[in-house]
Amino acid sequence: MSDDKAPFQTLGTPPNTLMATLGITLVEASPERVVATMPVTPAHHQPFGILHGGASVALAETVASFGSTVSIDLSRQRAVGLEINANHLRAVADGILTAVGTPLHKGRSTQLWAVEIRDERGRLVCVSRCTLALLDVPG
């Protein structure tokens, strides 16, 4: 693998990104499992005082994207979101969410990741599937 992978293996929160804005922290990243956390604060709410579904989707796509990225050779390919769906199962007003992503399919040109988002009590808040396109690096 090339040294180009190093920035994507760094755990934490990259500065000046949507991850930083939402408080998403990458706590584990391997080609077979990615874990991230995100707080739920009023800044994450929709007008009725509960977690905005878009914040859950951003968390899910972050997890899937990092999983795909750490499983490819970045000197040859880049992973980009192609499609995402999400089912919001439980309203959350505060606390810390944990998202766990695992691959369902890892092909030459696409990957499909399943992501479960749970609250601090382990209750399922959202389930998502994210398809990533693997694009060849020009040159």
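Student: How do you know that the length of helix α3 agrees with its number of residues?
Tutor: Helix α3 covers residues 53-70, which makes 18 residues. The expected span is 1.5 Å times one less than the number of residues, so α3 should span 26 Å. Its end C-alpha atoms are 26 Å apart, and therefore the two agree. Keep in mind that this is a predicted model.

Student: What makes α3 mostly covered?
Tutor: Buried means under 20% relative accessible area. In α3, 14 of the 18 residues are buried.

Student: Which residues of the largest nonpolar core touch the most other members?
Tutor: The core has 26 residues, and those residues are Met38, Leu51, Leu59, Leu97 and Ile117. At least two core residues come from each of α2 (18-22), β2 (33-40), α3, β4 (95-106), β5 (110-118) and β6 (124-136). The most come from α3, with 7 residues.

Student: What does Met38 touch, beyond residues up to four places away in sequence?
Tutor: Its partners include Leu51, Leu59 and Leu97. Among the others are Leu22, Ile24, His44 and Ala55.

Student: What surrounds Gln77?
Tutor: Leaving aside neighbours within four places in sequence, Gln77 is in contact with Ile72, Arg108, Leu134, Leu135, Asp136 and Val137. The side chain of Gln77 also reaches the backbone oxygen of Arg108 at 3.1 Å; the limit for a polar contact is 3.5 Å. Pro138 is 61 residues from Gln77 along the chain, and their C-alpha atoms are separated by 8.8 Å.

Student: What makes the backbone of Asn16 worth a look?
Tutor: Asn16 has a positive phi of about 60° although it is not a glycine. Most residues other than glycine have a negative phi. Asn16 is placed in the loop between α1 (6-9) and α2.

Student: Is Asn16 buried or exposed, and how do you know?
Tutor: Exposed means over 50% relative accessible area. Asn16 has 80%, so Asn16 is exposed.

Student: How do you know that the protein agrees with a compact globule?
Tutor: With 139 residues, such a globule would have a radius of gyration near 14 Å; the protein has 15 Å, which agrees. The C-alpha trace spans about 50 × 30 × 25 Å along its principal axes.

Technical notes
Residues are numbered from 1 along each chain as its sequence is written. This is a predicted model: local features need pLDDT of at least 70, side-chain atom pairs count only at pLDDT 80 or more; totals for chains, interfaces and linings use all residues. Side-chain values use heavy atoms; hydrogens and water are left out. Helices (H or I, at least four residues) and strands (E, at least two) are DSSP runs, numbered from the N terminus. Buried means under 20% relative accessible area, exposed over 50%, partly exposed in between (1.4 Å probe, protein chains only). Contact means heavy atoms within 4.5 Å. A polar contact is a pair of N or O atoms within 3.5 Å; within protein, one must be able to donate a hydrogen and the other to accept it, and residues adjacent in sequence count only if both atoms are side-chain atoms. A nonpolar core is a set of buried Ala, Val, Leu, Ile, Met, Phe, Trp, Tyr and Cys residues joined through side-chain atoms within 4.5 Å. The radius of gyration is taken over C-alpha atoms; the globule rule is 2.2 Å times the number of residues to the power 0.38.
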